[in-house]
Amino acid sequence: MRPALTAHGDSGDFVAASPQIALLRFITCGSVDDGKSTLIGRILFEAGAVFEDQLEALDRDSRKFGTVDGGRDFALLVDGLSAEREQGITIDVAYRYFATPRRSFIVADTPGHEQYTRNMATGASTADCAVILIDARMGVLPQTRRHSFIVSLVGVKRIVVAINKMDLVDCDQRVFETIAKDYRQAVAGLGFETIDVIPVSARDGDNIRQASARMPWYQGPTLLTWLETVDMSEAAAEGEQGVFPVQYVNRPDHLFRGFAGTVATGRVAVGDGVVSLPSMRQSRVARIVTADGDWPQAEAGQAVTLTLGDEIDTSRGDVLVVQPRTGIVQVRRQGTARVLVTGDQPLRVGGAYEIKLATATAQTVISAIHHVVDIETYRPGMADDLPMNAIGQISLRLDRPVPMTAYRDSAVLGGFILIDRISRQTVAFGFMDADVADLPVGKSDELTRPLVNLRDRLLGPSGSVLRRQRLEAVSWRLTGALVLAVVMAGLDLPLPVIGTVVLADLLVRPVLKVLHHHVWQTARQPAPALSDLDQGDGI
Amino acid sequence: MAALGHLQRLEAEAIFILREVVATCDKPVLLYSIGKDSAVLLHLAQKAFYPAKLPFPLLHVDTGWKFREMIAFRDETVARLGLDLIVHINPDGVAAGISPLASGSQVHTDVMKTQGLKQALDQHGFDAAFGGARRDEEKSRAKERIFSLRTVDHRWDPKGQRPEPWALFNTRKLKGESFRVFPLSNWTEADVWSYIAQEKIPVVPLYFAAPRPVVQRAGTLIMRDDERLVLQPDEVVETRMVRFRTLGCYPLTGAVESTATTLEEIIAEMSGSRVSERQGRVIDHDGAASMEAKKQEGYF
Ligand SMILES: Nc1nc2c(ncn2[C@@H]2O[C@H](COP(=O)(O)OP(=O)(O)OP(=O)(O)O)[C@@H](O)[C@H]2O)c(=O)[nH]1
Ligand SMILES: [Mg+2]
């Protein structure tokens, strides 16, 4: 899909056709020192969200820590940790709130330093749209690309690029045009639906709320207008699958057994037939209980308590799916996913973690690392491990079947975290892929990929326990054959005999073993139950 | 399908967080400070677990210096809703005669609030404590996660917070560690009042303007709630029409002059206000990064 690149100033987007969300969540991101915090401070100020006592404190702080000679350093409104103020950088994401007559906003100001990428990604994960900052003097930097990639990874479709510090390049239209073009080229493959570009000065307030007098050549919306009017109609497809992950079983006494949770997608109504995954048991929604009385139905995002018509065994981590099934939610024991590594230790093949996906937790092992994304070119490359801040694609094996979707179908049922079993830290954010089959293959390894695949199939993925075991078995076999040959030579047997016996030992035994193993595999196969669902048998 | 309204979204988010804690933590507790945020938090908790009773107790860390009307409201609320309330007051602080007047606000807050809270959490072995703090209250709170991990000593590490994507909270912790959990993180003061009006949640009458006995002290109007507030030679008690935007220990809480006697008037007054909610809090001004420092020591 080619992203539609609307011209800055194209007002086509700003006509609201469908009901707009009342609360817009957005982030600011980009490279170090591009002016993200300054911009948010400025927006808060312009939107009247800074009170007099806070302004006084800001002026005091500006004199003490400020980076703006003799003026207000708006970043200090946002950089609230003492370490941030002392160093003049952002370390962790700040959440701020403001409202205009048209919308309420939650903004997450994220850090530009690569070291704090996981904090940036934390802010990005809940964003509806993103403001990407670029310093007009610096142009598109590696960190601009990394953040743009993360923004696309979490599923943000609408972005606005604020080319900042225009005051430092004499408000030159050519500088603006060049960077805008560079940026569009750089992110052409990321699937953004709209990319608008606005020249601003966060420090001086140009094109933040008021159109800039210094840049009459720019005719498009100011940044605040863009945020107030960006089309965020919740295009909730009619007939979207009703999905309800069970969060907590509410059982005050033997008379009441309710399943508390938040509707993930679609809608759930009284009388709906539901299937509980992974058990596949069926029932019917008897009541939708809330403290405000029973409801006839509940929609995506609403937190309710369901009771069912039958006493079926359902608990936290299970998912109730409204009939008829559309195949979106699958019960799987493995998956391929993109991950962003947030832990200090690299992810490796064979690494064992706890996975948390919606309300379910399971034990998981990384069975393969397919690639790491090069942050400059967005090309996938080979990798043995994924260090902190890397983005790559992996395969996971779970110790039990878990209901899930592809991330692009639902962030609730397709997003997950990996938790280290010893330190209990969150070591990766994950984004489930739809299918293993559509792995993107990088140009560089198109030729070697089939060979690599063959090697991985024969020997197991690189670095895995499986590969070690296979190599050990081969080496044991060869040693055995060698010993046999030496013994036979010692017995003075003729060479052709030795050769035949050794060859037979090397070839015939493994073949027999494989055949024997095969017989057992088929015999031991369980009745068509959960394991069959693993391969895309949608519910 | 209509998009959820702003308050509906916030309400659902808070309920999700409350349930997530109860589903995954061993021994949660709700820190009940009697103010408007606590009132909203308590209301949401009751909604989250309806029709069951609250699956955790309330904890009030008392300092002995709360407004009398707060304590009366607390006891009335507990009785009306049939709640399980634990009141803890730091016995060492009481023995040492700590008071906001004699010891100063910093020592008082540290001993009676921070140390008192830690004592109570440790004594009962609570591993998750809900609080009604909001990110819009203060600049270091704006940085804090919804699930805020605390060390064995209840310390907060602002530079090493766990990443927290989507609503996928990592509720795992090591033995002795605990969480402070903030279901109202994304609410603003205006949201809280709109929700109180919408849901008809009872709040302490001190939030509404009434004639009250106050003295001017260091530029702040302090209500003389009892005779322990000894008057300085130049001070006089006047009766003025005042109300409070936040509630705490009475000698440390500034009143604002107001005529707002209904929720609608409070909301109207607030949207026209040019000063922040916490301006009346003496303890917030004890140092540039004072809230952050207090939180690192284990304060909420
Ligand atoms: N001249 C000029 N300076 C600016 C502008 N915007 C920001 N700055 C300055 O650029 C410096 C960095 O600003 P910040 O807002 O802290 O940058 P940031 O992007 O938040 O940085 P990190 O969060 O640490 O990545 C500060 O000294 C700002 O005063 C602008 O529009 N014009
Ligand atoms: Mg910053």
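Chain A and chain B bury about 5,800 Å² between them, with carbon and sulfur atoms giving 56% of that area; buried area here is the accessible area (1.4 Å probe) that two parts lose on being put together, summed over both. The model is predicted, so local features need pLDDT of at least 70 and side-chain atom pairs count only at pLDDT 80 or more, while totals for chains, interfaces and linings use all residues. Residues are numbered from 1 along each chain as its sequence is written, chains are lettered from A and ligands numbered from 1 in the order in which they are written, and side-chain values use heavy atoms, with hydrogens and water left out.

At this interface, 79 residues of chain A are in contact with 58 residues of chain B, where contact means heavy atoms within 4.5 Å. The two chains share seven salt bridges, each a side-chain nitrogen of Lys or Arg within 4 Å of a carboxyl oxygen of Asp or Glu. One of them links B:Lys143 with A:Glu84, at 2.9 Å from N to O.

Chain A itself has twelve helices and 24 strands. Helices (H or I, at least four residues) and strands (E, at least two) are DSSP runs, numbered from the N terminus. Of its 539 residues, 53% are buried; buried means under 20% relative accessible area, exposed over 50%, and partly exposed in between (1.4 Å probe, protein chains only). Among the contacts in chain A with a separation of 6 or more, 70% are between residues 24 or more positions apart.

One sheet of chain A is open and has six strands in the order S2-S3-S1-S4-S5-S6, with mixed pairing. Two strands pair if DSSP finds at least two bridges between them. S2 and strand S6 (194-199) of chain A are the edge strands, each pairing on one side only. From one strand to the next the twist averages 25°. Axes are lines fitted to C-alpha atoms, for helices over the stretch in contact, and angles run from 0 to 180 degrees between N-to-C directions. Helix H4 (residues 117-125) of chain A packs on this sheet, touching strand S1 (23-30), S2 and S3 of chain A, and its direction makes about 155° with that of S1(A).

Within this sheet, a hairpin of four residues joins S2(A) to S3(A). Six bridges hold S2(A) antiparallel to strand S3 (residues 104-109) of chain A. A:Ala99 is opposite A:Ser104, and A:Tyr97 is opposite A:Ile106. S3(A) also pairs with S1(A), in the parallel sense and over six bridges; there A:Leu23 has A:Ser104 as its bridge partner. In a regular strand the side chains alternate between the two faces of the sheet. Both faces of S3(A) are covered, with A:Ser104, A:Ile106 and A:Ala108 buried on one side and A:Phe105, A:Val107 and A:Asp109 buried on the other. Six of the six residues of S3(A) are buried, so the strand is largely enclosed by the rest of the structure.

After H1(A) comes A:Gly48, with a positive phi near 75°.

The magnesium ion (ligand 2) has A:Ser37 (OG) and A:Thr90 (OG1) as its protein donors, lying 2.0 Å from it. Donors are N, O and S atoms within 2.8 Å of the metal (3.2 Å for Na, K and Ca); water is not among the atoms, so sites may look incomplete. A:Ser37 lies in helix H1 (residues 36-46) and A:Thr90 in the loop between helix H3 (82-87) and strand S2 (94-99) of chain A, so the pair ties together parts that are 53 residues apart in sequence.

S7(A) runs antiparallel to strand S15 (residues 319-322) of chain A, joined by three bridges, and A:Phe244 is the bridge partner of A:Leu320.
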